[in-house]
Amino acid sequence: NANDFNCTLFIGSLPYLTSSYDFTTPKKLKVNSETLNEEIISISWKSFQKGIGKFKSLELSQLSGLLNSSSYQAVSVQYGDVMNEVLNYNNSENNKKIKVYEDIDLNSDLLGIFKIINRSKYVITTCNITAHISGNLGKETYLLAPYHKGKIWYWHTRKNTCPWYPNIKIYNCDKNNSWLDALKKIQMDIS
């Protein structure tokens with residue numbers, strides 16, 4: 001319902017938004033009832049776009065190799081109903097734990113998401129709103145894009161870069177819809 005909102009911000013307005021607000025965050029942030037002092041990376045692995053979201057999405061467990069090898073703390077900026085997936089991932093004894101900011105609603109607090117991403121060393125995301133936010137903020141971003149179904153024209157260039165967001169590197173799944181090679185390439189580039 002339109003009356004539930006203070007204003008409407010169209011995606012094309014992101015440059016105005018990012019030039020109008022201070023997205024700095026304190027060095028210490030409250031996460032999962034604890035203070036987070038370490039450097040973080042932001043992760044987002046799903047798209048809920050009707051019809052094509054499943055082709056642009058990964059299972060969180062597919063990111064375990066990347067996250068376990070990183071020296072940074074992974075923090076979820078994934079919107080949607082994913083808390084059970086994060087809890088299941090965190091309950092696996094072989095996985096480095098993913099933190100979730102308890103004071104930020106990832107479904108509605110756009111400014112909070114901007115602050116988390118701005119504090120991050122880099123972002124790993126599928127092609128969803130997180131990519132546009134990190135791209136607009138100029139954050140180093142590793143974007144996972146589908147090969148065919150779910151393919152959106154602005155994420156598919158021959159150079160694996162995006163002309164609108166030069167800080168984003170694009171990694172496509174293979175023609176069999178496997179993310180394995182793309183994830184290995186990201187891991188090599190991050191190392």
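Visitor: Which residue takes a positive phi just after α5?

Guide: This is a predicted model, in which local features need pLDDT of at least 70, side-chain atom pairs count only at pLDDT 80 or more, and totals for chains, interfaces and linings use all residues. Residues are numbered from 1 along each chain as its sequence is written, and side-chain values use heavy atoms, leaving out hydrogens and water. Helices are DSSP runs (H or I, at least four residues), as are strands (E, at least two), numbered from the N terminus. Just after α5, with a phi of about 80°, comes Gly138.

Visitor: How many residues of helix α5 are buried?

Guide: Buried means under 20% relative accessible area, exposed over 50%, and partly exposed in between (1.4 Å probe, protein chains only). In α5 the buried residues include Thr130, His132 and Leu137. Helix α5 spans residues 129-137 and is largely enclosed by the rest of the structure, because the buried residues number 7 of the 9.

Visitor: Which residue caps the N-terminal end of α5?

Guide: The cap involves a side-chain oxygen that lies 2.9 Å from the backbone nitrogen of Thr130. Thr130 is itself buried. The residue that caps this end is Asn128.

Visitor: What is the relative accessibility of Asn177?

Guide: Asn177 is found in the loop between β7 (168-172) and α6 (180-190). Its phi is near 65°, a positive value in a residue other than glycine. Most residues other than glycine have a negative phi. Asn177 counts as partly exposed, because its relative accessibility is 46%.

Technical notes: A polar contact is a pair of N or O atoms within 3.5 Å; within protein, one must be able to donate a hydrogen and the other to accept it, and residues adjacent in sequence count only if both atoms are side-chain atoms.
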